[in-house]
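User: Please take a close look at the nonpolar core of this model and the elements around it. Keep it brisk and give the cut-offs.

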Amino acid sequence: MKTAPPGEPIGTPHDGLVPRLHGLHAVVFDTDGVITDSARVHAAAWKPAFDAALRAHPPADPALRGPFDPVEDYRRLVDGKPRIDGAADFLAARGLTLPPGTPADPAGTDTVWAVAAAKEAAFTAHLDEHGVEAYPGTVHLLDRLRRADVPCAAVSASRHARQLLRRAGVRDYFACLVDGADSARLDLKGKPAPDLFLEAARRLQTEPSAAAVVEDALAGVEAGRRGGFDLVVGVDRTGTRESAADLRRHGADLVVRDLAELLDP
Ligand SMILES: [Mg+2]
């Protein structure tokens, strides 16, 4: 891994990167939905877990009884957060006050941890069956950054991140990985707290003010902003009417649909 001495950025205008990336010392990537196409797998895995909880405990307000929307509900309430926080925030938004339970709870509908466990089981089953792929635009950007000797980190709230990166064949692009296991071990707060990104910057031996964060979740761009990163790139894969504006409002300096937009042809 090459790191730049202070005041000597590695990127140059000839690296095939858009000008906004020139001068950065490092880039920190979120994993699900930015590097790998696994955000939609997470969203799909939440659906049976949340819908079963809604059926078992119908909200008092009929307006809150609709099924989990894997696009909008996932984007606004769940994406990017630690699993238990995403479960708690969606259930609270539907007026459900389940007891928290414990991480040992089996999959079910009677505690927040049980709902989270049901999602985990569905996610793991899908991954085993279908695998996961890296977005080609992200791989192109990682190639350019590697040629420019800009070190990169991968960050994820998930304990599956290492496995996802390996299965997608992109683990070697990253000088370090900060994942859910690190988060628990080091007692790092989940997004929107900036802890995971700051830990990644520390491991890359760079100041956040000389690095970029690339994120697709509202909680994630907010974490990048709170961490004081020089550039926060929001990745909007959904293309829904509000999504790009929401990413900007939560802290994205610029929003792209795909990371190939950061290449200078
Ligand atoms: Mg993500």
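Analyst: The largest nonpolar core has 39 residues. Phe29, Leu141, Val170, Phe174 and Leu259 have the most contacts inside it. A nonpolar core here is a set of buried Ala, Val, Leu, Ile, Met, Phe, Trp, Tyr and Cys residues joined through side-chain atoms within 4.5 Å. Buried means under 20% relative accessible area, exposed over 50%, partly exposed in between, with a 1.4 Å probe and protein chains only.

This is a predicted model: local features need pLDDT of at least 70, side-chain atom pairs count only at pLDDT 80 or more, and totals for chains, interfaces and linings use all residues. Residues are numbered from 1 along each chain as its sequence is written, and side-chain values use heavy atoms, with hydrogens and water left out.

Helices (H or I, at least four residues) and strands (E, at least two) are DSSP runs, numbered from the N terminus. H5 gives the largest share of this core, four residues. Domain 1 (19–38 + 132–262) and domain 2 (39–130) both contribute residues, so the core lies between them. Those bounds come from an automatic or database domain assignment.

Leu141 contacts Leu17, Leu21, Phe29, Leu259, Leu262 and Leu263, leaving aside its neighbours within four places in sequence. Contact means heavy atoms within 4.5 Å. Another core, of 20 residues, lies apart from the largest one; Ala39, Trp46, Val112 and Ala118 are among its residues.

Now H4. Its buried residues include Val112, Ala118, Phe123 and Leu127. The buried residues of H4 pack against H1, helix H3 (83–93) and H6. Just after H4, Gly131 takes a positive phi of about 70 degrees.

Next, S4. Five of its five residues are buried, so S4 is largely enclosed by the rest of the structure. Ala211, Val213 and Glu215 point one way, Ala212 and Val214 the other way. S1 and S4 run parallel, joined by four bridges; two strands pair if DSSP finds at least two bridges between them. Val27 stands opposite Ala212. S4 also pairs with S5 in the parallel sense, over four bridges. There, Glu215 has Gly234 of S5 as its bridge partner. S4, helix H9 (residues 218–226) and S5 form a right-handed β-α-β unit. Right-handed means that, with the strands pointing away from the viewer, the path from the first strand over the helix to the second runs clockwise.
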